Amino acid sequence: MHFIYNVFAQLSWHFLKIVALFNPKIKLFVEGRKNTSTILENKLGPNDKNIWIHVASLGEFEQGLPIIEKIKSDHPDHKVVVTFFSPSGYEVKKNSSVADVICYLPIDTNEKASSFIKKVNPRLAIFVKYEIWPNYLKILRDHQVPSILISAIFNENQIYFKSHGSFMRKALKSFSHYFVQDPASKELLKSIGISNCTVSGDTRLDRVSEILERDNSLDFMKSFKKDKLCFIAGSTWPEDENIIIDYINHTPRNIKYVLAPHTIKSDKILGLAGALSKKTILYSKMENNNLGDYEVLIVDHIGLLTKIYSYADIAYVGGGFATGLHNTLEPAVFGIPVIIGPHFKGFNEAEDLVAQKGILTINDKWTFGETMKKLLENNEYRLRTGAINSNYISKNKGASHQIMNYISSQLSSDNR
């Protein structure tokens, strides 16, 4: 089976190189990997003590970030190498200073995995959430390099728990330790003979908790919101916006609205602004305008949403109708109600908070209107709903501490 896997990996790589001729995203995927060896050779020395952290994309990077930052502060004599699988993560974070090296992970063939691990020579390897690569894990195990899987979450439909999943099950068993998000994941691992597992929760809860310790003030939001209630919709897609825009245009309620769509291409932003009947301004056009006179602010800029959420009385997080739910924890940490679309299964924190009624789900324009009506007319209900979210994060943070205790023990016992 290992031979077949390697043949398939090689063929996939050649196929992707052909597809890259016609697909810009796949071109980034292929071309970016050509630079990995050069990046490693330029930034790593033979005597460096390296810790390798692998993430699939941006979401997993955010989960790994508390650990990356802790390693840098607690073990400054080590270098951190972060690899990405996806261009959507790498292209955003490739110039980040949080790690010593950021590059693409070469395709999981035996030859490429061997070459990569030889160059990095990690003292410890950390994989985030779902990343299970058989060749990399086998080589780490053969070289007696400790490897851990963090913020992992499993379900019975995954191949590891199927009768035909023996090859991937063997790869999964290569880890030295597993830090999982929930007890159900631990029980699933136990069912296939894996007991070296700790239920630590999700490191993202630690990450969002730190948001409260920062300065989240934004002068333009103070000027825009004034003393009004404020509804903020973040990472929205057309399916979300159709519902929200209809509500904004038809409600007589005197509140402020902020829309921060997932896509900020100019034609998309102009179309969104044109669909609104209330007085609307774009973030990019704010200069020399009295923001308090406007009812709707469209944020056509990346990187502000987390701070903007701190001004919300009610938040909406997009993606829950078709594309995949975005980060609900960022608004939830501010102790406000969060509204989402109906598709949230597989997002552990969303499932928990929907069950606890801190996150509220909608199915259409009518249910959105009814949810907004209840939140706006009943201050006590709105505040109580928001408190459920902040309390959940406060009670469930701490995963990073447990994981770092394990990492520090591994590094202290490493005499290589």
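Biologist: In which helix does E60 lie?
Modeller: This is a predicted model, and the answers below should be read as such. An unreviewed UniProt entry lists E60 under "active site". The helix that holds E60 spans residues 58-74 and is helix 4.

Biologist: Is E60 buried or exposed?
Modeller: A residue counts as buried under 20% relative accessible area. E60 has a relative accessible area of 15%, so E60 is buried.

Biologist: What does E60 touch, and which backbone nitrogen does the side chain of E60 reach?
Modeller: Leaving aside residues up to four places away in sequence, E60 touches V55, V128 and K129. The side chain of E60 also comes to 3.1 Å from a backbone nitrogen, that of S57.

Biologist: Which domain does UniProt list for residues 46-206, and how far apart are the end C-alpha atoms of that span?
Modeller: The unreviewed entry gives residues 46-206 as "domain: 3-deoxy-D-manno-octulosonic-acid transferase N-terminal". The span is 40% helix and 24% strand. Its end C-alpha atoms are separated by 34 Å.

Biologist: Which residues of helix 7 are buried, and what covers them?
Modeller: Helix 7 runs over residues 134-142, and its buried residues are P134, N135, Y136, L137, I139 and L140. Their cover includes strand 1 (49-55), strand 4 (122-128) and strand 5 (147-152). Among the covering helices are helix 1, helix 6 (110-120) and helix 8 (166-172).

Biologist: Which residue just after helix 7 takes a positive phi?
Modeller: The phi in question is about 55°. The residue that takes this value, just after helix 7, is Q144.

Biologist: Is I4 buried or exposed, and what is the accessible area of the nonpolar patch with I4 in it?
Modeller: I4 is placed in helix 1, residues 2-19. A residue is exposed over 50%, and I4 has a relative accessible area of 52%, so I4 is exposed. M1, F3, I4, V7 and L11 form a nonpolar patch on the surface, and their accessible area together is about 560 Å².

Biologist: Where is S200, is S200 buried or exposed, and which residues does S200 touch?
Modeller: S200 is in the loop between strand 7 (197-199) and helix 10 (203-211). Its relative accessibility is 6%, and S200 therefore counts as buried. Not counting residues up to four places away in sequence, the residues that S200 touches are F179, V180, A399, Q402 and I403.

Technical notes
Residues are numbered from 1 along each chain as its sequence is written. This is a predicted model: local features need pLDDT of at least 70, side-chain atom pairs count only at pLDDT 80 or more; totals for chains, interfaces and linings use all residues. Side-chain values use heavy atoms; hydrogens and water are left out. UniProt positions are given in the numbering used here, feature names are shortened, and annotations may be inferred rather than shown by experiment. Helices (H or I, at least four residues) and strands (E, at least two) are DSSP runs, numbered from the N terminus. Buried means under 20% relative accessible area, exposed over 50%, partly exposed in between (1.4 Å probe, protein chains only). Contact means heavy atoms within 4.5 Å. A polar contact is a pair of N or O atoms within 3.5 Å; within protein, one must be able to donate a hydrogen and the other to accept it, and residues adjacent in sequence count only if both atoms are side-chain atoms. Patches are made of residues with over 30% relative accessible area and no salt bridge: like charges are joined within 9 Å, nonpolar side chains (Val, Leu, Ile, Met, Phe, Trp, Tyr) within 5 Å. Accessible areas come from the Shrake-Rupley method with a 1.4 Å probe; for residues, only the protein chains shown count as cover. A salt bridge is a side-chain nitrogen of Lys or Arg within 4 Å of a carboxyl oxygen of Asp or Glu.
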